[in-house]
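Reader: I have a structure open and some questions about it. Can we go through them one at a time?

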Amino acid sequence: LLDGLRELSCLASLALGGALVELDRVAELVSSLVCLSGLRHLDLSLNELKCNDLQALGRLSSLTSLDLRDNMLVNHLLGDAAESMTSMLQFLTELKHLNLSGNFVTANELVALSPLSSLTSLDLSGNEIDDDGAEYLAQIITANSQLHHLDLRCESLHLG
């Protein structure tokens, strides 16, 4: 499958949600995806992936939709998730839809979202964003005047 992916240069959408990519094949998968210069929509949800596995996705600068929900992107036992997430997201300037729900994201990782000024939809539900993350959320909202959908369900924010 991975060899075949490299040949699909005009592939615009790829859904691998729940495919449970084997941990020893993640680097190979990401390497294959980077060859898909026309890829606009990518679903890697439900795969137990970690941020440091996905840093090369930042080279997919044509992505407009990225679904990474319910992975293990933030694993505080494996190092600096905020740095890894920044490396992954900083070049995805065309991104309009980002789903990071259910990934244990905290205020520390929200900093990585700052360069994403084209977002129209952001799902951060089911993470660990508390009042410390409110300042970063305010910056994200201010920087994204095109943001139409923001999902913060199951967060511990005090809006008062």
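Reader: Which residues gather in the patch of negative charge on the surface?

Author: This is a predicted model, and in it E128, D130, D131 and D132 gather in a surface patch of negative charge.

Reader: Where is E128 found?

Author: E128 is in the loop between β5 (121–123) and α5 (131–143).

Reader: Is E128 buried, partly exposed or exposed?

Author: E128 has a relative accessible area of 42%, so it is partly exposed.

Reader: Salt bridges next. How many does the count come to?

Author: The count comes to two salt bridges. One joins the side chains of D67 and R69, at 3.0 Å from N to O. The side chains of D151 and R153 meet in a salt bridge as well, at 2.5 Å from N to O.

Reader: Why would side chains like that pair up at all?

Author: Side chains of opposite charge can pair when their charged atoms come close.

Reader: Take D67 and R69. Which counts as buried and which as partly exposed?

Author: D67 counts as buried because its relative accessibility is 14%. R69 is at 26%, so it counts as partly exposed.

Reader: And D151 and R153, buried or exposed?

Author: D151 is buried, at 8% relative accessibility. R153 is exposed, at 57%.

Reader: What does S125 contact, leaving aside its neighbours within four places in sequence?

Author: With those neighbours left aside, S125 is in contact with S101, G102, D151, L152, R153 and E155. Both partners of the D151 to R153 salt bridge are in that list.

Reader: Where does S125 lie, and is it buried or exposed?

Author: S125 lies in the loop between β5 and α5. It has a relative accessible area of 10%, so S125 is buried.

Reader: How far is S125 from L33?

Author: S125 and L33 are 26 Å apart in space, C-alpha to C-alpha, and 92 residues apart in sequence.

Reader: S101 was among the contacts of S125. What does S101 touch, not counting residues up to four places away in sequence?

Author: On that basis S101 touches R69, D70, D123, L124, S125 and N127. S101 lies in the loop between β4 (97–99) and α4 (107–110). Its relative accessible area is 7%, so S101 is buried.

Reader: D70 is in that list. What is its phi?

Author: D70 has a positive phi of about 55 degrees, although it is not a glycine. D70 sits in the loop between β3 and α3. At 37% relative accessibility, D70 counts as partly exposed.

Reader: What about the phi of F104?

Author: F104 also has a positive phi, about 65 degrees, and is not a glycine. The place of F104 is in the loop between β4 and α4, and F104 counts as partly exposed at 39% relative accessibility.

Reader: Helices now. Which residues of α2 are buried?

Author: Helix α2 covers residues 26–34, and its buried residues are V26, L29, V30, S32, L33 and V34.

Reader: What do those buried residues pack against?

Author: The buried residues of α2 pack against α1 (2–6), β1 (13–15) and β2 (41–43).

Reader: Why might residues three or four places apart in a helix point the same way?

Author: An α-helix has 3.6 residues a turn, so residues at that spacing point the same way.

Reader: Over to M85. Where is its place, and is it buried or exposed?

Author: M85 is in helix α3, residues 81–89. M85 counts as buried because its relative accessibility is 0%.

Reader: What does M85 touch, not counting residues up to four places away in sequence?

Author: Counted that way, M85 touches C51, L73, V74, L100, V105, E109 and A112.

Reader: What separates M85 and G58?

Author: Their C-alpha atoms are separated by 9.5 Å, while M85 and G58 are 27 residues apart along the chain.

Reader: Last one, N52. Where is it, and what separates it from E83?

Author: N52 is in the loop between β2 and β3 (65–67). At 42% relative accessibility, N52 counts as partly exposed.

Methods. Residues are numbered from 1 along each chain as its sequence is written. This is a predicted model: local features need pLDDT of at least 70, side-chain atom pairs count only at pLDDT 80 or more; totals for chains, interfaces and linings use all residues. Side-chain values use heavy atoms; hydrogens and water are left out. Patches are made of residues with over 30% relative accessible area and no salt bridge: like charges are joined within 9 Å, nonpolar side chains (Val, Leu, Ile, Met, Phe, Trp, Tyr) within 5 Å. Accessible areas come from the Shrake-Rupley method with a 1.4 Å probe; for residues, only the protein chains shown count as cover. A salt bridge is a side-chain nitrogen of Lys or Arg within 4 Å of a carboxyl oxygen of Asp or Glu. Lys and Arg count as positive and Asp and Glu as negative; His and the chain ends are not counted. The place of a charge is taken as NZ of Lys, CZ of Arg, CG of Asp or CD of Glu. Helices (H or I, at least four residues) and strands (E, at least two) are DSSP runs, numbered from the N terminus. Buried means under 20% relative accessible area, exposed over 50%, partly exposed in between (1.4 Å probe, protein chains only). Contact means heavy atoms within 4.5 Å.
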